[in-house]
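Trainee: Could we walk through this model together, one contact at a time?
Mentor: Gladly; let's have it on screen.
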Amino acid sequence: MAAEFAVELRDVVKQFITPEGNELNAVDHVTMQIKNGEFFSMLGSSGCGKTTSLRMIAGFEWPTEGEVYIEGKPMGHTPPFQRRVNTVFQSYALFQHMTVFQNVAFGLEMEGADKSEIEKRVKRALEMVQLTGMERRKPKQLSGGQQQRVAVARSLVKVPDVLLLDEPLGALDLKLRKEMQLELKALQQQLGITFVYVTHDQEEAMTMSDRIAVMSKGKVKQMGSPVEIYERPANRFVADFIGESNFLEGTLKSLSGNEACVFVPELNAELNGISVSEGLVAGDDVTVSIRPEKVHISDKALDTNSFTGKVTNTVYIGTDTHVYVDLMGKQLKVFEQNRISRLDPGSFYTVGQEVTLVMWPDNVLVLKKD
Amino acid sequence: MLQRLRENKSAQGTWLATPTMLWMLGLLIIPLILTTIISFGQRSPDGNVIYSFSLDNYIRLFGYSTDCDAGQASCFNPLYLQILWRSISLAFNTTIWVIVLAYPLAYFIARATPKRRNTYLFMVLIPLWTNFVIRVYAWMMLLRKEGAINIVIGWVAGLFGLDFQPLEMLYTPGAVLVGMIYEFLPFMILPIFTSLEKIDGSLYEAAADLGANAIKTFLRVTLPLSMPGVVAGTILVFIPVMGTFIVSDILGGRQVILVGNLIQRQFLDARDPTFGSAASLILMIMTLIVTYFYTRKFGFGEEIVVA
């Protein structure tokens, strides 16, 4: 564990030939550094290159360009069985002809560990994932959640430097998935092993990760902690992909420090906010992003960043009420938390009602236009 | 009546199964009973069956002979036991060879791209479009003294200025073995292919991920998961090889006589249906015993591999 990073991708490209014969960069000049002991997630929709990146770390694919380093060592064409990483597969990939015990013991047998050692370590691994007593069952005799645990135990029993997880919870129902998320996170903290986790579920990534790489079309759009990614999205893609956002197009009028003033033609008004993207100068075209829960419906207008509009629709979803407000033809989403229990329809906003929207400058993010 | 049939699932099943049941009764069960009865009968001098309860045919099969040197009433003649043994060992050898040859090919086909896979499977099936007997005759053309193989070897030897005596390949046990292997190869390739194809590709990756190299992956993952195909193929090959007489008839001539030939000759040439029936039953019982022990160990190959 001398190396600074558990895994490092340096300018990695993975090119595939599509069935039509075109070249496609599934992973397009990706650089990432994953620290030792970190829970790192690659988040993106299907085809963004997250699984391909993971498979290159595992050794199932080799980069077309660039290099993958594990514990500081360049991997080149090192085959999977010579890498100190293990994978939990999306389909679990359990050996159906073996018992739970044999599945978990497989990796240790390949190392040539002796029998008592194997027995001890398999027992401990199964304890870790709460499967004690299931040793003699075949995978088919287990529930989906239990199979998932076997897959985790089978990989962790080898004590890899890095555990790779490819959407391991995708096949489980929501409740079980949430339980497993917390369990996996606890396991990772307890063992201190680096986890690299691939998912398309942003909530899952937010719940578990120390850091997240948001990916799209083979590129990393932003890398950072869940808070950074949500509160300071680096670009419109990330602001849109993670959670929800209202977007307004405008021109940067002035910038002092990170306090920005943007003229928004759609509202025919100026909006004060904070600059998130680097290297913006006055006159640039910018995108303004405001999270729906950070727009306030207020009785009192401020001097700036306050607008009057009409409610066009309200949707009650339990925890929140989503209020859609028309501002000079521009539709804005506002999420109001239902903090008081009430039934009276008159206490909710009604369609056609005139309201004042206040956007605190700290909540108004000014991004470089994509 | 129709209403009742609609409601009663098991009656529906019975009705649907009836035609096949009748067919099996008429063409399998009844002939089998007749064969059993005849096998205990005796041959009349003019070649008809005298119905009785005699174990003579069975005693003869197991080596008791009345056709002895002068002065002896009976003696031991292992001829028929040799034939039985030859049939079993040939079936055994054929099955082993077919597995050895079919497995790599099935593996290769299963790992090809889907488009190529279909082409290869098609190529495996093409020979089956030609009549079984014609295919065996084709082997005769290849193996005989003036056959294609001898011509080619002779030509190559001629190029090097070597003296070449044509090989005697036809009418040898080897010729029968080669013919059997050739005839039954597709019946092993297809089930093994089906088992291999069902194995989820991520299992190979998982094995590699856990530290197994290609050989270990094959021995610990691929082979066990494809065993149902090998078992099914073995049943499809072993049983017919035990009973087939055409291959040995054409490629073995009088040199390689199997149980199948024995039975055929008893019915057609020797006109002794009682002895032929006894041999048929012994063949069936031997096959059942071997299959019983085999399937008790390995199952019927029906366990579908769920990936």
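Mentor: A term to begin with: axes are lines fitted to C-alpha atoms, for helices over the stretch in contact, and angles run from 0 to 180 degrees between N-to-C directions. This is a predicted model, where local features need pLDDT of at least 70, side-chain atom pairs count only at pLDDT 80 or more, and totals for chains, interfaces and linings use all residues. Residues are numbered from 1 along each chain as its sequence is written, while chains are lettered from A and ligands numbered from 1 in the order in which they are written.

Trainee: How is α10(B) oriented against α13(B), roughly parallel or roughly antiparallel?
Mentor: Helices here are DSSP runs (H or I, at least four residues), strands are too (E, at least two), and both are numbered from the N terminus. Helix α10 (residues 214–243) of chain B packs with helix α13 (residues 273–298) of chain B at about 170°, their axes being 10 Å apart. Angles under 35 degrees count as roughly parallel, over 145 as roughly antiparallel, 65 to 115 as roughly perpendicular and the rest as oblique. That angle therefore makes α10(B), relative to α13(B), roughly antiparallel.

Trainee: Which element gives the most to the side of chain B that touches chain A?
Mentor: In the contact, 17 residues of chain B meet 20 residues of chain A. That side of chain B divides into 10 nonpolar, three polar and four charged. The elements giving two or more residues to it are α10 and α9 (201–209) of chain B. With six residues, the one that gives the most is α9(B).

Trainee: Which residue in β8(A) is the bridge partner of F40(A)?
Mentor: Strands pair if DSSP finds at least two bridges between them. Strand β3 (residues 39–43) of chain A and strand β8 (residues 194–199) of chain A run parallel, joined by five bridges. In β8(A), F40(A) has as its bridge partner V196(A).

Trainee: Which are the edge strands of the open sheet in chain A?
Mentor: This sheet of six strands has mixed pairing and the order β6-β7-β8-β3-β9-β10 (chain A). An edge strand pairs on one side only, and that holds for β6 (85–88) and β10 (219–224) of chain A.

Key
Two residues are in contact if their C-beta atoms, placed from the backbone, lie within 7 Å. Ala, Val, Leu, Ile, Met, Phe, Trp, Tyr, Cys and Pro count as nonpolar, Asp, Glu, Lys and Arg as charged, and the others, Gly among them, as polar.
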